[in-house]
Amino acid sequence: MEGYIKRVVMKLEKVNYNVYNTPLKVINNSTPKVKPHQSFTGTATPKEVTKELKGLMPFGVRVVSKLAEGMGEVQNICINALGTGLVAPIFIKYNPLSKADEDTRTYSAWRQPISAVLAVVTQAGMVAPFNSVISNMAYTGEYPEEYNMSNLKDEKYIRKLLKKSDPSLTADQLKIRVQEELKRQHTNLRDDVINKNKILLKTPKGSVPLSEKAFNGTISDTIQELIKSDTAKLKSTELKEERRLARSLFYSEQSEKIIPTLEGIGKDLEGIKTLKEAEKYFKNKIKELKHEKAPKEMIRMLNEMKGRIQIIATPPKVDGKPQLDPQEVVLQEIKDKNNKMLERVKEYTGMTDKTEIEQKVAASVADRKSALTKSLEALEELKTKISSGEKLTVSQIQKFLEEKAGGISFKDSALHCDFTEEFLTKYKNNIENNLKGHKQFTGLVISLAVLPITCCLLNWVYPRFMDAVFPNLSNKKHDNESKQLIDKAPKQVGGVA
């Protein structure tokens with residue numbers, strides 16, 4: 001459950017345009033399912049910043065980018081085959097530099113899609129089974145620890161195991177069991193880290209702990225990621241100050257128009273139950289405000305709320321019921337955002353002195369700087385302790401961060417994170433990246449090994465395919481080849497060659 005809350009909230013924060021840098025609320029107090037310690041402010045790593053930027057790209061670019069993110073050797077083969085089969089023939093057919101006639105160029109162009117199909121059948125057909133074998137070995141613990149996924153089984157693999165152990169399970173029962181197993185797996189992993197400061201791996205020889213070197217290395221990696229995150233946030237503070245000042249001045253100047261609009265939106269949101277309804281509502285509301293020639297800053301405010309609707313999440317289920325509806329989380333965040341804006345507008349209502357507003361904003365930004373600076377100092381202290389040989393458990397690090405966070409109200413820093421979850425996320429990412437690299441290397445070797453077979457098949461299949469499907473082109477090609485041989489043959493002079 002904690003992992004799910006973390007993922008949802010981190011996604012919310014990645015589209016969080018809250019210029020006031022206030023703590024993100026996961027859900028209101030009327031929802032007792034989420035305990036206080038489950039709230040997670042998240043930390044934006046460079047990887048997450050990259051993903052956020054991708055959200056600004058055109059749809060087509062995002063699709064290609066998404067393909068690239070999960071790119072393995074099989075996908076590489078398929079993408080290359082797609083290019084070979086669809087793009088290359090066009091350049092061959094309409095090559096202005098070629099001296100060959102049109103039929104010859106057409107005949108040659110058809111070689112590319114045939115080559116692409118054979119590449120997918122032979123190379124991808126061999127790589128895919130190997131990838132499946134590698135995944136199974138990783139999940140059963142037959143690989144070394146850097147590839148061992150025995151405690152990180154995914155939903156697909158768990159479903160396969162459950163279907164095999166109990167074929168009588170219905171589809172609904174299977175979904176419930178899968179979610180229960182995922183939750184149990186994460187709980188066990190978390191408990192081992194907190195209580196034993198270990199990660200236990202399953203191997204053919206039994207359960208063994210992750211080596212001390214790998215465990216401590218993951219702790220160091222996690223701390224370094226948190227340092228990068230807080231450093232990036234600290235550097236962005238100056239830009240945030242400019243945005244906050246502009247927004248605060250707008251609040252003070254246009255409060256009479258803004259307050260009724262936000263109050264109306266707040267009432268409307270109470271009747272909205274789904275994200276689709278919310279998206280339609282904001283789309284129409286923005287169109288209405290544009291028609292009324294509302295200030296651009298007001299449109300930006302609505303777009304900030306609308307931006308949260310892009311969240312897509314799948315909640316874990318227990319007894320067939322979702323533990324937390326992602327729509328509730330997102331809709332509540334939109335309401336909180338609207339309420340916070342309303343509070344800020346009222347706070348700045350009547351403030352006409354620009355200097356006073358600037359001072360108020362500067363004080364708030366200074367608060368943020370101070371909190372992030374203290375967070376970085378604490379992380380650097382941790383880093384020094386570990387690099388000097390001091391052995392700290394994950395629980396001790398969590399306690400250390402909590403002590404340093406005392407008295408700091410600003411929540412968007414590493415001091416307020418769940419270090420155990422950060423550690424487990426880093427551990428999982430490291431193993432997945434290792435395994436992905438292993439699959440890609442193995443796939444490359446297999447592709448190169450199969451390449452001669454692919455070429456032989458192409459040389460055998462292609463002329464026969466053309467003779468059967470395009471006999472006219474095929475005959476002209478043979479005629480052209482015969483003509484070329486005759487033209488190259490030595491000429492007889494006086495009956496003597």
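Trainee: How many salt bridges does the structure hold?

Mentor: There are 17 salt bridges, and keep in mind that the model is predicted.

Trainee: Okay, let's take Glu212. Which residue does Glu212 form a salt bridge with?

Mentor: Its partner is Lys391, and the closest N and O atoms are 2.9 Å apart. Glu212 lies in helix H9 (residues 212–235), while Lys391 lies in the loop between helix H14 (354–387) and helix H15 (394–404), so the pair ties together parts that are 179 residues apart in sequence.

Trainee: And is Lys391 buried or exposed?

Mentor: Lys391 is exposed, with a relative accessible area of 64%. Glu212 has 45% relative accessibility, so Glu212 counts as partly exposed.

Trainee: Why would two side chains like that pair up at all?

Mentor: In general, side chains of opposite charge can pair when their charged atoms come close.

Trainee: Switching to Arg247. What does Arg247 form a salt bridge with?

Mentor: With Glu304, where the closest N and O atoms are 2.7 Å apart. Arg247 sits in helix H10 (residues 237–270) and Glu304 in helix H12 (residues 296–306), so this bridge ties together parts that are 57 residues apart in sequence.

Trainee: Are Arg247 and Glu304 buried or exposed?

Mentor: Both Arg247 and Glu304 are buried.

Trainee: Which residues are linked with them in a network of salt bridges?

Mentor: Arg247 and Glu304 are linked in a network with Glu297, Arg300 and Lys337.

Trainee: What about Glu288 and Lys285, where do they lie?

Mentor: They both lie in helix H11 (residues 275–291), three residues apart, which is about one turn of the helix.

Trainee: Enough charges. Which residues form a nonpolar patch on the surface?

Mentor: Look at Leu444, Leu448 and Leu451. Together they have about 270 Å² of accessible area.

Trainee: Where does Leu448 lie?

Mentor: Leu448 lies in helix H16, which covers residues 419–469.

Trainee: Why does Leu448 count as exposed?

Mentor: Because its relative accessibility is 54%, and exposed means over 50%.

Definitions and conventions: Residues are numbered from 1 along each chain as its sequence is written. This is a predicted model: local features need pLDDT of at least 70, side-chain atom pairs count only at pLDDT 80 or more; totals for chains, interfaces and linings use all residues. Side-chain values use heavy atoms; hydrogens and water are left out. Patches are made of residues with over 30% relative accessible area and no salt bridge: like charges are joined within 9 Å, nonpolar side chains (Val, Leu, Ile, Met, Phe, Trp, Tyr) within 5 Å. Accessible areas come from the Shrake-Rupley method with a 1.4 Å probe; for residues, only the protein chains shown count as cover. A salt bridge is a side-chain nitrogen of Lys or Arg within 4 Å of a carboxyl oxygen of Asp or Glu. Helices (H or I, at least four residues) and strands (E, at least two) are DSSP runs, numbered from the N terminus. Buried means under 20% relative accessible area, exposed over 50%, partly exposed in between (1.4 Å probe, protein chains only).
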